[in-house]
Amino acid sequence: LALIGAAVFARKHKFAACNAKNQDNLALMVTTAEVDRKFPPLKNDTVLKAIKGEEVDRIPIWVMRQTGRYLPEYREFTKDKEFFSRCRSPEVACELTLQPFRRFDLDAGIIFSDILVVPQALGLQVSMVRGMGPVFARPLRTKEQWLKVERDMLSRYGVTDASPEASADLCISKAADFADALGYVYDAITLTRTKLDGRAPLI
């Protein structure tokens, strides 16, 4: 999972892959400050100050389920869109993330996505069934099933027949190849940060 996440950033910001024997993690070729300079300056850092335990002039406001069915505009906008297609489209995810900002004075944005995009990226088939919720075509019930998912995922990227240590090194060296699995998430974040125009951070 961490490798997929790292790969998304590697694709966009050219992180350097390092040998795991010499480095604890991927060595970053860019800093957070350099990434932030690609976006409009942040005008409201109240929630970030609160997270760091710094003094704030008021309690920051954000909502865990910030967008959703309680918004009429959400229901209208998504009525013809399958759930996971909303997550996979950067433009749709951006629009859904911004909808609450048009109604409320919020101090943070919650990018529209779902935890189940992760098992999808791992190759599992999951669908959102009306009246039931998420349904896995083949639920994982044993350790052996999970190990097969892991082997299948690694083999798709050319990592096969290697020891665990060698597999880790190979995955790091191929980090950029993992990018497409969740690349649309970073695209949605990039688009949303740009359109927020510094109004609030994404958390």
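Helices (H or I, at least four residues) and strands (E, at least two) are DSSP runs, numbered from the N terminus. By this definition, the chain has ten helices and two strands. The model is predicted, so local features need pLDDT of at least 70 and side-chain atom pairs count only at pLDDT 80 or more, while totals for chains, interfaces and linings use all residues. Residues are numbered from 1 along each chain as its sequence is written, and side-chain values use heavy atoms, with hydrogens and water left out.

**Overall architecture**

- Read from the N terminus, the elements follow the order α-α-α-α-α-α-α-β-β-α-α-α.
- The chain has 203 residues, and 36% of them count as buried; buried means under 20% relative accessible area, exposed means over 50%, and partly exposed lies in between (1.4 Å probe, protein chains only).
- The accessible surface of the chain comes to about 12,700 Å², and carbon and sulfur atoms account for 54% of it; such areas come from the Shrake-Rupley method with a 1.4 Å probe, and for residues only the protein chains shown count as cover.
- Contact means heavy atoms within 4.5 Å. Among contacts between residues at least 6 apart in sequence, 64% join residues at least 24 apart.

**The largest pocket**

- Rolling a probe the size of a water molecule over the atoms shows where empty space is left.
- On a 1 Å grid over the protein atoms alone, a pocket is an open set of points where a 1.4 Å probe fits, with protein on both sides within 12 Å along at least five of seven lines; lining residues have an atom within 4 Å of a point.
- The largest pocket holds about 840 Å³ of space, where a volume is the space filled by probe spheres set on the grid points, which are joined across faces, edges and corners.
- The lining has 26 residues, of which Arg65, Arg69, Tyr74, Phe83 and Arg86 are the closest to the centre of the pocket.
- Helix H4 (72-78), helix H5 (83-88) and strand E1 (126-129) each give two or more residues to this lining, and H4 gives the most, with three residues.
- By class, ten lining residues are nonpolar, seven are polar and nine are charged; Ala, Val, Leu, Ile, Met, Phe, Trp, Tyr, Cys and Pro count as nonpolar, Asp, Glu, Lys and Arg as charged, and the others, Gly among them, as polar.

**The strand pair**

- Strands E1 and E2 (residues 133-136) run antiparallel and are joined by four bridges; two strands pair if DSSP finds at least two bridges between them.
- Val126 has Phe136 in E2 as its bridge partner.
- E1 and E2 form a hairpin with three residues between them, and Gly131 in the turn has a positive phi of about 85 degrees.

**Individual residues**

- Phe112 is found in the loop between helix H6 (90-98) and helix H7 (117-121), and this residue is buried, with a relative accessible area of 9%.
- Beyond its neighbours within four places in sequence, Phe112 is in contact with residues including Tyr74, Phe83 and Arg86.
- Phe112 and Thr192 are 80 residues apart along the chain, with their C-alpha atoms separated by 9.9 Å.
- Ser167 belongs to helix H9 (residues 164-173) and is buried, with a relative accessible area of 14%.
- Not counting residues up to four places away in sequence, Ser167 touches Val159 and Ala162.
- Asp197 lies in the segment after helix H10 (183-196) and is partly exposed, with a relative accessible area of 38%.
- Although Asp197 is not a glycine, it has a positive phi of about 55 degrees.
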